[in-house]
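Please read the points below with the model open beside them.

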Amino acid sequence: EVYFKNLSKQKQKEVMEKNGNNHKLRVCVATCNRADYSKLAPIMFGIKAEPQFFELDVVVLGSHLIDDYGNTYRMIEQDDFDIHTRLHTIVRGEDEAAMVESVGLALVKLPDVLNRLKPDIMIVHGDRFDALALATSAALMNIRILHIEGGEVSGTIDDSIRHAITKLAHYHVCCTRSAEQHLIAMCEDHDRILLAGCPSYDKLLSAKNKDYMSIIRMWLGEDVKTRDYIVALQHPVTTDIKHSIKMFELTLDALISFNKRTLVLFPNVDAGDKEMVRVMRKKGIEHHPNFRAVKHVPFDQFIQLVAHAGCMIGNSSCGVREVGAFGTPVINLGTRQTGRETGENVLHVRDADTQDKILHALQLQFGKQYPCSKIYGDGNAVPRILKFLKSIDLKEPLQKKFCFPPVKDNISQDIDHILETQSALAVDLGGTNLRVAIVSMKGEIVKKYTQLNPKTYEDRLELILKMCIEAASEAVNVNCRILGVGISTGGRVNPREGIVLHSTKLIQEWSSVDLRTPISDALHLPVWVDNDGNCAALAERKFGHGKGIENFVTLITGTGIGGGIVHQHELIHGSSFCAAELGHIVVSLDGPECLCGSQGCIEAYASGIALQREAKKLHDEDLLLVEGMSMKEEEVVSAAHLIQAAKLGNAKADSILRTAGTALGLGVVNILHTMNPSLVILSGVLASHYVNAVKDVINRQALSSVKTVDVVVSNLADPALLGAASLVLDYTTRRIY
């Protein structure tokens, strides 16, 4: 430690000599709102305390200067800082355009200020739109930028703004190890990154010893006790304003029902903030006996309020960052802070779409006490930042250098690479055959390989790997770039983990099988796995009749009966990945036995296996063959023989087919009454034989409100392979699956 301190002093001395012995570092700190000032103030105090090294200029802009948000510039004056410049930059409005205009107004006004100040370095905090204007102005005017809290991840447009400021900034002060790694991954120079912790923690970790009861009583009333009140702070999410306003309304309803004293702070200046204030007033929050609604609380007092609260609720970064220092329970609502590192005190309610969910979260969290978290700092950030500032050599070139990772081969000028077709490896595991195909983005099967499906797990997996490796090698020759592997298989599948949970009886030794890991390890490609019925539905959604349809159902009529359900453009898997087992809808209580062990399932009537069973019965009784039909002695009776006999006038065969079509039609009617899709797609080899029977049953049995449904036969030649391919192509190109 002594060695490090001596080394640091020597470096500072060398920097001072380089910069000129009498030159002080002129630092401009620009603050836009109450939140960023809480992080910048400790640094400003530190700079002010060392006048032999620094000159401080303070620029105030943004919501600091708006009465609706408490005229918070006054707290800067109360902290005894001289404000060099006040810039009115907020354009009043309630939509995204007002934010853009505010950035534009700041860009117009800032150049004159920076020309007059001529700072050596500007300190910019965070991810607000005002901060983007500051960083842009400074970068274009060749002023060095120190960015505080870069590299973090949240869940809104703030991410994009934060990372844009990172690219403009010359120096970075981050709060967590993860943020540091993110900055390095964004090609920032490691030597210009300081892992200091959050400056506000320097004040937070020494705050609890102060007198707090007078502060609590001042803001919440004389009769309030510690741990018996709530602090609420919620901001609009600018990428989904309507939903965030609805969520705020539900939050207020839940807080009213919870019936505890609550301090509600006004939201940030963002698109949608005025509407949120209107919601507060519509519900009478400002006059409700249990609520105190305020525009601003000084940071020193705010610390005491959250430190001794029973709970904090909302979507402010303060809840997931600063409040952890006290172990106060936090309920984080919605997606605004998705990606933030949090302590165990934070309960996330990502989909806060009902009052009951929020109320339940309040019941779970209120009054608890968690261990204090130091994820974002240890209370020593400011000394580190001041040392970092002193180490800056102004004689170093201003132009940033990015540390790009090495690239093995530069193939950007290779015409074959430019013309490569984005493709997927599709695998279809059927009861009889194992097929692998190279499928292009347009649904063209470029090349297909077929082998008999082995009976044992080891042989099957070995063959899959062998065929996939062969197809991946061939892809180079046919100019296809493989993006990943999609696997369609029978049985119940966990698509999140890539595991076959339970197989059908048609595929043996195929339960609790991890397909993703061995195939991904062998091919070094991402792997997706899903049930064959779901894959058929995905194929229709991407390439077939389901393209652009919001709600539809696909039924596969083959060896068995399967299917997939697409609702609101998304595939339904169900809570235990058992959704859309449509072949096992029961249409008769005393029907034939199904392979699943039940009786009267659609599959027991209308599958290829069921038709083959009935064909064998007729054949054994010499009632199958009619004039125009013939069979060899060794030929196996199949469903095809039953269909042929019906076409040639065999009344018994025709009756069996009509019964099968009726059973399938009754199943479809049940689906219509449950899911109410606008389209039913019949897929598989038997689809064309059943379509008219299904339509007839719908006309006879369905409610009038669903009779308008379209029932069509799939026009896809190979839905299983195309569906497996779409698992890959949809995810890797559009990120929707």
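**Notes on the predicted model**

1. Strand S15 (residues 433-440) is mostly covered, with 7 of its 8 residues buried. Buried stands for under 20% relative accessible area, exposed for over 50%, and partly exposed for values in between (1.4 Å probe, protein chains only). Strands (E, at least two residues) and helices (H or I, at least four) are DSSP runs, numbered from the N terminus.

2. This is a predicted model, in which local features need pLDDT of at least 70 and side-chain atom pairs count only at pLDDT 80 or more, while totals for chains, interfaces and linings use all residues. Residues are numbered from 1 along each chain as its sequence is written, and side-chain values use heavy atoms, with hydrogens and water left out.

3. S15 has a partner in strand S14 (residues 421-429), and the two pair in the antiparallel sense over 7 bridges. Pairing requires that DSSP finds at least two bridges between two strands. Val 427 stands opposite Val 436 in S15.

4. Which residues of helix H7 (residues 177-185) are buried? They are Ala 179, Glu 180 and Leu 183. Seen down the axis of H7, these buried residues fall within an arc of 100 degrees, so they line one face of the helix; the arc is that of the directions from the helix axis to the C-beta atoms. An α-helix has 3.6 residues a turn, so residues three or four places apart point the same way.

5. Arg 177 and Ala 185 are exposed on the other side of H7. The cover over the buried residues of H7 includes H6, strand S6 (171-174) and strand S7 (193-195); contact means heavy atoms within 4.5 Å. Just after H7, Cys 187 has a positive phi of about 75 degrees.

6. Searching the whole structure gives 39 salt bridges, each a side-chain nitrogen of Lys or Arg within 4 Å of a carboxyl oxygen of Asp or Glu. One network of salt bridges links Lys 39, Asp 127, Glu 149, Glu 152, Asp 159, Arg 162, Arg 321, Glu 322 and Arg 340.

7. Asp 158 and Arg 336 form a salt bridge through their side chains (3.9 Å, N to O). This pair links distant parts of the chain, 178 residues apart: Asp 158 is in helix H6 (residues 157-168), and Arg 336 is in the loop between strand S12 (330-333) and strand S13 (346-349). Asp 158 and Arg 336 are both buried.

8. A further salt bridge joins the side chains of Lys 542 and Asp 730 (3.3 Å, N to O). Lys 542 belongs to helix H19 (residues 532-543) and Asp 730 to helix H25 (residues 719-734), 188 residues apart. Lys 542 and Asp 730 are buried.

9. The domain assignment gives domain 1 (22-198 + 383-391), domain 2 (207-365), domain 3 (413-544) and domain 4 (545-715); such bounds come from an automatic or database domain assignment. The centres of domain 2 and domain 4, taken over C-alpha atoms, are separated by 55 Å.
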